[in-house]
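Please keep the structure in view while reading.

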Amino acid sequence: MDKETYLLLVLSDSNLPTGSFVASAGLESTATHALFHATPPTTGSAATATGTTGTGSNTDTSTGTGPTGISSSTSSSSILAFLRNSIDTYARSALPFARDAHRITTAYAKNDIADLDVALAALAKIDALYDACTLNHVARRASCAQGVALLSLYARGFTCPPFLLSTGTTIPQGVDSEQEQERDRESRASALVAALKLRVRRGAGGESDDDALGHLPVCWGVLAGALGLSVDRGAHLHLFLHARGVLSAAVRMNILGPYAAQQLLLHAVKPLLTEALSSTAHLVSGALREEEVHLEFEAERLPATTWPLGEILSMRHDLLHSRIFNS
Amino acid sequence: MSNIIQDAGHGKITAQIHSDQVVFPVLAYTYPLKLLSPRMQQERVGVVYMMTYGGGLVGGDRISLTINIEHDVRLVLLSQGSTKVFKTRLGTRAAIRSTPNTANDPTTTMQRLDVSIAAGGALFLLPDPVTCFRDAAYHQAQTFRLAHGASAVLLDWYTSGRRARGEEWAFAEYYSANEVFVGGVRTARDVVLLNGALPPPGDGGGQLLLLPRRTLADRMRPYACYATLLLYGPLVQGVVRELEERMRKISVFRVGEPLDVLWSMSGVHGEAGGRVVRVAGKETEEVKMWLCTALRGLVDVIGAEVYSKAFV
């Protein structure tokens, strides 16, 4: 098994302490506001296609009629509609920041960016722009909490423990330069994460320019880059985890059965991810440009929200009379 | 900006105070943009109507407006009726436009607004909503540079189209970017991109299932009008306090069907008094009513007569 595949296995563990289990990405608010689009599609072709998906199949009867009063098959297709909107807008608005942060981290780890402060300044720029683009206190809160958790995860869970480094016999000079290179990469990566973590902690109270907020997409990019994943893999996994988080929240809200959630994840989410990733692969955050960005000509290249309703619903999360999630 | 957009209708406004009256040393415009400034009795308050010939924009129109608001000027920018964006001039259907880059597509309609506001000055941008007709493609970018101590009420809203003719989110593309700098620091960049021609999801070959085609309407329903309001500075704090009070009283219980109007407010990071308010409504009229009520406190700032010209 190659290193990247193994990393994907480790990172897709739902037990990773990332704090994502308290986030529903607006799903809970959407349910409370009765804004699942449970109405069947009106066009003939769409209706036919729905029939062929099988995502709303009868194999999962465990949900029965959930608290929303919608049947399990309706609930599957409503949650699929939510997922499509959510994946689309998250890919368009957040992934460019994750990709840019990933690239900076990779460049620093490989010594293409030599200076730690240069790498940190670039990450701070990406982080600050993401913050300016996130005009939603609920999403901002969830993003910062999960971002910081990822940095802690790397620092405390993914660096190589000293006893594993020291027990091995010393590597003969020049014999295994590849391994040596990898150690150098890892030590630079962990130095970057440690320094970023410090700035995020400082930024929670301070107002200094190079303090960071530690937004989720930025910290994800840093984590994935520090572990040595490729940018595309990192983006794919990040979006997959976003989708799985929504499905997991739906199961815990009891509006989707656990089998139906797996069905969606296996069959429906896959093509949605492929589409969202390919249509956003060319985007950049825009934070690293020296020259002024002319927004009127950048519709094709810059991050954007594509689901304004989701934004309002997410912002209204704190107004819900009863809630089990933080976002 | 003038060198950026070619073949554009340009406008330029400079507003200053002259013995408590707002004067316009510069108020210039070229076709198809038109600027009108009715005389107002209100001290320190100036009003400018932004209009286009024929009351609409067609594919390929380029408008750019630069505004300089000097100390203590309270400038109210209004439109007369909604900005109607017609489909591309060449009659080409959006779906078959070959270029993927609508920004460089000569048939995309573009509006550009650049405003700088000095300390003590204020902009009240309260236009009617943008309405994109079937197959129309519209891009707008608005940049606001506020000095510390400047104020702004920035309304950006759009509707689902000509509903009387059965159009519901039937336009090709709507793109709106708003950016606010305070004292040279970016505090908000709000970018919305609504693409009518959503590509069907594919699995890149070997596709096992066909997800139903989803339209923009599926994503926007049941609401037909969306508004974003950015609030900055000392002159909006009365409005902000009132909205905060209203928000505190909201407690959402599970509802059986969607509310007619949904709204919420968030703080803008790094700018203590800055707020973003978002509103969605099933009817444009309901959103207009909501906004008119929410901003009623501006009567104390720009006067009742001027305020009555907005949201008519």
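## A parallel pair of strands

In this predicted model, strand β1 (residues 9-18) of chain B pairs with strand β6 (residues 62-69) of chain B in the parallel sense, and the pairing runs over 7 bridges. One of the residues involved is A15(B), whose bridge partner in β6(B) is I69(B). In general, the strands of a sheet pair through backbone hydrogen bonds, either parallel or antiparallel.

## The sheet around the pair

In chain B, 7 strands form an open sheet in the order β2-β1-β6-β9-β12-β14-β15, with mixed pairing. The edges are taken by β2 (21-29) and β15 of chain B, each of which has a single partner strand, so one side of each is left without a neighbour in the sheet. On average, and with direction ignored, neighbouring strands of this sheet are turned by 10° against each other.

## Where chain B meets chain A

Across the interface, 68 residues of chain B are in contact with 61 residues of chain A, and the two chains bury about 5700 Å² between them, 60% of it on carbon and sulfur atoms.

The rule finds 1 salt bridge across this interface, in which the side chains of D88(A) and R219(B) meet at 3.1 Å, N to O, and it also finds 18 residue pairs in polar contact. Among the elements giving two or more residues to the side of chain B that touches chain A are β9 (109-117), β12 (137-146) and α1 (216-220) of chain B, while β15(B) gives the most, with 9 residues. The residues of that side divide into 40 nonpolar, 12 polar and 16 charged.

Definitions and conventions:
Residues numbered from 1 in each chain as written. Chains lettered and ligands numbered in written order. Predicted model: local features only at pLDDT ≥ 70, side-chain atom pairs only at ≥ 80, totals over all residues. Heavy atoms only, no water. Contact = heavy atoms within 4.5 Å. Buried area = accessible area lost by both parts, 1.4 Å probe. Salt bridge = Lys/Arg side-chain N within 4 Å of Asp/Glu carboxyl O. Polar contact = N/O pair within 3.5 Å; in protein donor to acceptor, adjacent residues only side chain to side chain. Helix = DSSP H or I, 4+ residues; strand = E, 2+ residues; numbered from the N terminus. Nonpolar A, V, L, I, M, F, W, Y, C, P; charged D, E, K, R; others polar. Pairing = 2+ DSSP bridges. Axes fitted to C-alpha atoms, helices over the stretch in contact; angles between N-to-C directions.
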